Amino acid sequence: MFKKPAVPLQRREMEAALQLYQKCKGWQATDEALDSLARSFPDFDFKSTLLKAAAVNALYGTQVYAVAEVAEHLCSVLGNTTVPAAPALVEELAKVKFVRGSKHITWAFRSFASKFAHFFIDPDQFPIYDSYAVKMLTYHLNGKGREGLSYEQFAAGFSALKDALDFPVTTRELDRYLWLAGQLRAWKGLLPWRRPYTGINSELQRLFESPAGEVQELTRAVLGKGENP
């Protein structure tokens, strides 16, 4: 699907994004809380799964409103040993069927499912899927952002970009770069976004607006040479 990246990701861009992450105490605390929960509740019985699903939904704002029904679905999928391994597993976790009166509705909670799998199944095997990561990933790979990828397409592209780097990174480090760089580019209205977008994460917006010289230097580094005067 993907060949050599159209917009190569440079080491300095990655390093700058990770330095900015270190200034995001709320983001760090969220990740640490979910990692702690994974260690404390390693199983996928209904109560453990419900607690983990509720934590992901609340801390990452994935907009899952029927958490108990979703947790039942997760238990059903994870209890089925015939379910294929990643990345197809995330698609199975994401597709939840609801009965509302006489109607049967299927919703796809792809972002939620990828975060659940990342924190509670395997952080190395399951990169986090969201709109910012998808658009930044396809910007690097194809030179322009795309939307609407399946998780399997996203995971394949993520592996292709990771393999193309000439420096080592973990899945979580690349996750953090994609999300932070995507938020920064959306806020500034740079490719792959077409206009400034004010609805970014509030903690990151406060960071980007900081007048501190170090922060401004790091944000310029994340954008790369081609986006700076």
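Predicted model: local features only at pLDDT ≥ 70, side-chain atom pairs only at ≥ 80, totals over all residues.
1. Where does the lining of the largest pocket come from, element by element? Two or more residues are given by each of α2 (25-40), α3 (46-60), α6 (110-120), α7 (131-142) and α9 (171-188). The largest share belongs to α6, with four residues.

2. Now the domains. The protein is divided into domain 1, which is written in two segments as 11-24 + 126-223, and domain 2, covering 30-121. Over C-alpha atoms, the centres of domain 1 and domain 2 are 25 Å apart. To their contact, domain 1 brings 14 residues and domain 2 brings 16.

3. Why does the largest pocket count as lying between the domains? Domain 1 and domain 2 both give residues to its lining, so the pocket sits between them. If you're making a figure of the pocket, these are the two domains to colour.

4. Next, a helix pair that also turns up in the pocket lining: α3 and α6. Two packed helices are described by the angle between their axes and the distance between the axes. For α3 and α6, the axes come within 10 Å and cross at roughly 115°. The crossing of α3 and α6 is right-handed. On the α3 side the contact uses T49, K52, A53, V56, N57 and Y60, while α6 puts in F112, K115, F116, F119 and F120. By class, the residues of this contact are seven nonpolar, two polar and two charged.

5. Last, some backbone details. Most residues other than glycine have a negative phi, and most peptide bonds are trans. Q63 has a positive phi, near 60°, and is not a glycine. You'll find Q63 in the loop between α3 and α4 (67-78). Then there is the peptide bond from L191 to P192, which is cis, with omega near 5°. P192 belongs to the loop between α9 and α10 (202-208).

Technical notes
Residues numbered from 1 in each chain as written. Heavy atoms only, no water. Domains from an automatic or database assignment. Axes fitted to C-alpha atoms, helices over the stretch in contact; angles between N-to-C directions. Left-handed = near helix turned anticlockwise from the far one by under 90°. Contact = heavy atoms within 4.5 Å. Nonpolar A, V, L, I, M, F, W, Y, C, P; charged D, E, K, R; others polar.
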